[in-house]
Amino acid sequence: MLEAYPQNRLARILLWSFAALVMAFLMLPTLVVVPLSFSASNLLEFPPHAYSLRWYENFFGSATWMAALRTSLILGTLTALIAVPFALLACISMNRLGGKTAAIIQSVLLTPSITPGILLAIGLFFVLAAQHLIGTLFGVLVGHVVLAVPVACIVLLPALARFDWNQVQAARSLGANWARAIGGIIVPQLRISLLSATLMAFLTSLDESVISIFIASGRNSTMPKLMFLSLRDQIDPTIAAISTLWTVIVVAVVLIVTLRQKS
Amino acid sequence: MTVVRDPALAADARRERRFFLSLSLPALFIVGLAAILPILWIIRQSFLTTAGEYTVGNYQKVLSSGLTWSALVTTLELSLGTLAACILLGTPLALALASVRPRVANVLMAFVMLPLWTSILVRTYGWLVLLRRDGLINAALTGSGLTAEPLPLVYNFTGTLIGMVHYMLPLFLLPVYAAMRDIDPNLIRAAASMGATLRQVIRTVILPLSAGGIFSGSIIVLIYAIGFFITPAVLGGGKVNPLSTRIERTLSTFQDWGSASVLGILLLVLMALIGVMLLAARRLVAQNTVEAPHA
Amino acid sequence: MKSLAITIESVHKAYGSYVALDDVSLDIQAGEFLTLLGPSGSGKTTLLMALAGFVRPDSGKLLLGDRDITRLPPNKRDIGIVFQNYALFPHMNVLANVAYPLVLRKIPRAEARQRALDTLARVKLDGLAERNVAALSGGQRQRVALARAIVFEPRVMLMDEPLSALDKNLRETMQYEIRRLHDHLRITTIYVTHDQREALIMSDRIAVMNSGRIQQIDTPQRIYDRPSTRFVAEFMGEANIVAPGSARRIDGAEPSRETLMIRAESFHLDAKLVGGNGVALEGILRAKAFRGENWLLTLALDGGQEVLVCIPAALAGGCAELAAGQRMTAYAPAAKVHAIPGATA
């Protein structure tokens, strides 16, 4: 874009040095955790004097952490399985209705994504407390689904806008009712967008901390809740091991989906 | 000419509309149940005593407390500070990324977006490791002799701000980068051919054309920053208390549901105020295109 | 007496203040190939989509045979449709696309497969059944779309500008094949196009549409030679609308008081070729252009009106020597001069 200014080398060097610093700032905290997780010491030494896998053993050997991991994975899966079909139907509805009605539905569905998590969390806390549902998996699940629906909608709405609706008309003219047109034509063709939406919904739940902190408890504590509590209390390198695993898994999944999308 | 609509056909049209509307119902139901009802409940709770009787005492108590006002000030300081840092750090980075070939830019963007894909708790932990008294940055500073004593970088306002900027920056960057990518390179060539210097091109072509992106980025930053909880709670070390951590403490530690609700409503009011201001600002930005210099 | 396959009774459709279909009525005979012809925005596709069930009329009635289908959903209408972009399902192979309507009708797998294969053979696609749709050429996709629309033996087939995406040669081949397929199967067909040549070549009858109304419905020849409105005359080809009084009768009789339509190719430069019965137009040659098979001359009449004259190259001995600015006369035989009823120039 700035190739019209080949003579401004100094400005370019300054701009790129600044950009490199900002990019380092963005990547540093994620990367610094990795070597620490392999440290043999209790202390946060950098670089570590000796390496070991003790923090990984610690994590996999802990019943508490394992229970939280299980809860988080179950919650993420259930969230994705509920939020994505809901979002798909809503997006079809918005696409077909169009105009003001669609705009109203969209703004309602996007409300949770612009509401501060802390407000959703305490509001949900009050509602669930009145129904004696605090600490249940159901309570957290409802909170995660409501956050995942707008995320899935943001992926699916543009995909449906690009979709060739003549195909649905063709299927209808050939004898398909709406249910068959959605199941047999729309879903298979949006499979890549649906996969992204599912992944995003899953990650939304996996990464959600505020609602979990207020609603989840005991056996139903999620990974983020346990991590939050242990960060507040003491800094244990086990967290470094968990963080490394977490990042590797998420980056791997994102890479796989991105590469699949390209091919 | 007025046409008489066939009532049966009109009824069919309404039925079809209702069918499409019904497809939205599951999603609307869950949002109503788990987002709208809870917010209404906060309003209800703010008028109730512990015993469940109607009162305005919660409001009197919260609004007369100095802690509330200092929480409000901290919230604003953190949000505006984060926004300023995002604009200062993010705009040049977006410009640099938009000035290279898309293939290269895509690879660099993947790295920039890495934080978005990492859990906020992982990142917070990373910052703790970096910023503590015995952390990496202080070790580097004292080791190189730049400072004699370790600097207090975390469990205070500075640490909270660093953590928040780190969270918001990728979110800010996305729309700004997209807006700058969309600028037709021929516009810059045209400006250069007319004799504009690089500085003039940035000021009179690039920035005005990416104003929309910077504006959307700023909205995103403010929306997220105002209610941000995890970072102040961990990196603030109890000493930095915006509305969000005050709400948590009032609810968890003091079990004071009424006061927590009033604080929540303050947060809502703040969001609404900022929303109104942003709408007004957008109108200004829309009108304020670059004007010809006055003779 | 032929039976009616489709009856359209005073169908009206408006989008806000825009009237897409203005009181349209039309009867189509069983086995007929009828073309809806008109410029974009004339309402032809809206009418087709109303028949298919994707556009709901505000009022009016649609009958298939004697069955009222006005309120029937599209999937219950049993109408085969070929879409402009074909709308083939990219996640299914050729065979699965063609077998799809049979599967929906719960026809046993083996039979559905056989019928799909037979239909593919009928549209000359044998051997491509297992091919991926994305791997097909434009013409092949067109044939798959055709096969899919006829495989379930609908009584009516609708085609929405099916050839517009193909190049000229392929388009001409497909025009011929679609017509041949129709003659073989005798499925009542409504074909939408904006290409008047295509309409003339393929149709039993043409309905010319403009601003939501049917302007004229007739055989291709009558539409071309005897247009009932000025719009039809001009839409169907190089038509000259000659104001009353501009044309002189060769036999010296009183000049016509009517507005006349004379096609550019109806003119001769030699009065002998026209004989005694016809009209003559006098004017100044403004421009001439050689177009390969013919010459196109622009003649400015004395009243100022311009007239296009098209002379076949084989008969245009003297055209090359004509010079702009020269005075000349063009003659048209009476049989090719058509008075447009009720029109004023």
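**View 1. The bridge partner of Val11(C) in E2(C) is Val24(C).** Helices (H or I, at least four residues) and strands (E, at least two) are DSSP runs, numbered from the N terminus. The model is predicted: local features need pLDDT of at least 70, side-chain atom pairs count only at pLDDT 80 or more, and totals for chains, interfaces and linings use all residues. Residues are numbered from 1 along each chain as its sequence is written, while chains are lettered from A and ligands numbered from 1 in the order in which they are written.

**View 2. Strands E1 (residues 4-15) and E2 (residues 18-29) of chain C pair in the antiparallel sense.** Eight bridges link them. Two strands count as paired if DSSP finds at least two bridges between them. E1(C) and E2(C) make a hairpin, with two residues between them. In the turn, Gly16(C) has a positive phi of about 60°.

**View 3. Chain C holds eight helices and 18 strands.** Its C-alpha atoms fill a box of roughly 75 × 45 × 40 Å along the principal axes. Of its 345 residues, 42% are buried. Buried means that 20 or more other C-beta atoms lie within 10 Å of the residue's own; exposed means 12 or fewer, and partly exposed is in between, with C-beta atoms placed from the backbone.

**View 4. Chain A has twelve helices and zero strands.** The radius of gyration of chain A is 23 Å, well over the 18 Å that the globule rule gives for 263 residues, so chain A is more spread out than a compact globule. The radius is taken over C-alpha atoms, and the rule is 2.2 Å times the number of residues to the power 0.38. The C-alpha box of chain A is roughly 70 × 70 × 35 Å, along the principal axes. Buried residues make up 46% of chain A.
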